[in-house]
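Here are some exercises to work through with the structure in view. Try each task before you read its solution.

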Amino acid sequence: MARESGRTWRVRQLGFEAVIELLPWTDGDLWVVERCLSDADMMEHLGGPQSREQILDAHRRYLAAGGKGTGQMFKVVRAPLSEVIGTIGYWDKTWQDELVYETGWMIFPEYQGRGLASDAVAVLVAHVRRDHMRRFLHAFPSIANAPSNGICRKSGFTNLGECEFEYPAGHPMRCNDWCIDLRLAPSEPRGRQQ
Ligand SMILES: CC(C)(COP(=O)(O)OP(=O)(O)OC[C@H]1O[C@@H](n2cnc3c(N)ncnc32)[C@H](O)[C@@H]1OP(=O)(O)O)[C@@H](O)C(=O)NCCC(=O)NCCS
């Protein structure tokens with residue numbers, strides 16, 4: 001169960017508190033995005049490692065996202081030692097002529113396989129559900145990205161089918177279009193119900 005507290009968001013797991021916190025992106029977080037976007041393994045399903053210019057551009061976008069009021073990038077932190085373990089966020093995207101939220105996540109390799117990305121997604125979805133500026137939250141993992149598709153499946157997203165997606169600019173990918181209707185309570189069926 002996720003709950004919000006000030007500028008951080010915590011997930012409660014098996015009675016333990018504060019497993020995961022999402023902290024808004026700051027100027028000092030360049031190293032986090034640099035580590036993620038320059039790592040060949042982490043970028044396997046995301047078009048390959050990015051250049052220094054692309055990484056600096058991503059950092060600027062992450063910083064600006066919070067100022068617009070319609071999105072936010074976070075570093076994912078594991079309590080109680082406050083280890084930074086990855087990134088997650090949501091931002092505006094025009095998708096099929098509609099303004100929706102898009103989300104994406106990355107966890108450093110040494111922390112993968114422990115359910116931590118799933119926890120971070122649970123915290124983010126709970127936060128965005130309360131924020132509620134847009135009706136739909138989408139994620140577009142590559143069809144070959146088994147862990148990410150698994151996270152979507154178990155986090156309450158509905159798979160609307162395969163689609164062509166471009167990430168980064170100029171790099172086409174075959175992705176699944178996963179969606180949550182933020183107006184529905186977590187226990188209700190999700191997806192695009194009018
Ligand atoms: C995708 C990513 C964030 C997953 O992080 P993680 O912390 O290992 O994820 P979790 O441990 O929460 O769980 C992933 C789920 O996928 C499953 N999974 C992992 N590897 C899998 C595989 N090869 N095939 C099928 N399922 C797999 C896990 O079993 C788990 O499901 P479960 O809890 O039901 O067992 C991480 O691999 C990553 O950062 N990858 C690089 C960046 C990336 O591709 N981001 C996604 C962009 S959309």
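**Exercise 1: a strand and its partners**

Work out why strand β4 (residues 72–78) is largely enclosed by the rest of the structure.

Step 1. Of the 7 residues of β4, 6 are buried, so the strand is largely enclosed by the rest of the structure. Here, buried means that 20 or more other C-beta atoms, placed from the backbone, lie within 10 Å of the residue's own. Strands are DSSP runs of E with at least two residues, and helices are runs of H or I with at least four, numbered from the N terminus.

Step 2. Look at the partners: strands pair if DSSP finds at least two bridges between them. β3 (residues 20–24) runs antiparallel to β4, with 5 bridges, and Glu-21 stands opposite Val-77. On to β5 (residues 83–95): 7 bridges join this antiparallel strand to β4, and Arg-78 has Glu-83 as its bridge partner.

A word on the source: this is a predicted model, where local features need pLDDT of at least 70, side-chain atom pairs count only at pLDDT 80 or more, and totals for chains, interfaces and linings use all residues. Residues are numbered from 1 along each chain as its sequence is written.

**Exercise 2: a helix**

Find which residues of α3 are buried.

Step 1. Start with the length: α3 has 16 residues.

Step 2. Now list the buried ones: Leu-116, Ala-117, Asp-119, Ala-120, Val-121, Ala-122, Val-123, Leu-124 and Val-125.

Step 3. Go just past the helix, where His-132 takes a positive phi of about 65 degrees.

Key
Expected span 1.5 Å × (residues − 1). Buried ≥ 20, exposed ≤ 12 C-beta atoms within 10 Å, placed from the backbone.
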